[in-house]
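Dear colleague,

I am passing on to you the structure that we spoke about, and I would be grateful if you looked it over before reading my notes.

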Amino acid sequence: MIVEVSQFRLVPGADEQAFLEASEETQSGFLGKQEGFVSRDLLRADDGSWMDIVRFETGEAAQAAFQGFAGHPGVKTFESMLDPSSVSMTHWSLAKSW
């Protein structure tokens, strides 16, 4: 299993409820339809930063989703609400799960 961890902030003035709705659209319109998609969690810290954790069956599935994400109509609103200067993303291989 591959775990994709993205950390970011929203653009100044972004409405959090609108962001959550855009995230739902991203899930139903793109991520949830990707081959090898397992699950997704969206977390918010007290300081206003966000973490999006997406699990895929394989590294190939994660890479394919990453390649198709940018510019996909189902993620357009979601992407527009992210502060590009704050975005970081890493892929992790699951070593052990309890």
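Below are my notes on strands, a helix, salt bridges and a surface patch.

This is a predicted model, in which local features need pLDDT of at least 70 and side-chain atom pairs count only at pLDDT 80 or more, while totals for chains, interfaces and linings use all residues. Residues are numbered from 1 along each chain as its sequence is written, and side-chain values use heavy atoms, with hydrogens and water left out.

I begin with the strands. Helices (H or I, at least four residues) and strands (E, at least two) are DSSP runs that are numbered from the N terminus. Of the seven residues in strand β1 (residues 2-8), six are buried, so this strand is largely enclosed by the rest of the structure; here buried means under 20% relative accessible area, exposed means over 50%, and partly exposed lies in between, with a 1.4 Å probe and protein chains only. Strand β1 runs antiparallel to strand β3 (residues 50-56), to which seven bridges join it, and it also pairs in the antiparallel sense with strand β4 (residues 88-93), over six bridges; two strands count as paired if DSSP finds at least two bridges between them. Ile-2 takes part in both pairings, with Phe-56 as its bridge partner in β3 and Ser-93 as its bridge partner in β4.

Next comes helix α2 (residues 59-69), where Ala-61, Ala-62, Ala-65 and Phe-69 are buried. These residues lie on the same side of α2, because they cover an arc of only 100° around the axis, the arc being that of the directions from the helix axis to the C-beta atoms. Glu-60 and Gln-67, on the other side of α2, are exposed. Among the elements that cover the buried residues of α2 are β1, α1 (16-29), β3, α3 (76-80) and β4, where contact means heavy atoms within 4.5 Å. Just after α2, Gly-71 takes a positive phi of about 85°.

The structure holds four salt bridges, each being a side-chain nitrogen of Lys or Arg within 4 Å of a carboxyl oxygen of Asp or Glu. In one of them, the side chains of Arg-9 and Asp-47 meet at 3.4 Å, N to O, which links the loop between β1 and α1, where Arg-9 sits, to the loop between β2 and β3, where Asp-47 sits, 38 residues apart. In another, Glu-16 and Arg-44 meet at 2.9 Å, N to O; since Glu-16 lies in helix α1 and Arg-44 in strand β2, this pair ties together parts that are 28 residues apart in sequence. Arg-40 and Asp-52 also meet in a salt bridge, at 2.9 Å, N to O, and both of these residues are buried.

Lastly, Met-1, Val-38 and Leu-94 form a nonpolar patch on the surface, with about 250 Å² of accessible area together. Patches are made of residues with over 30% relative accessible area and no salt bridge, like charges being joined within 9 Å and nonpolar side chains (Val, Leu, Ile, Met, Phe, Trp, Tyr) within 5 Å, and accessible areas come from the Shrake-Rupley method with a 1.4 Å probe, where for residues only the protein chains shown count as cover. Val-38 belongs to strand β2 (residues 37-44) and counts as partly exposed, at 38% relative accessibility.

With best wishes
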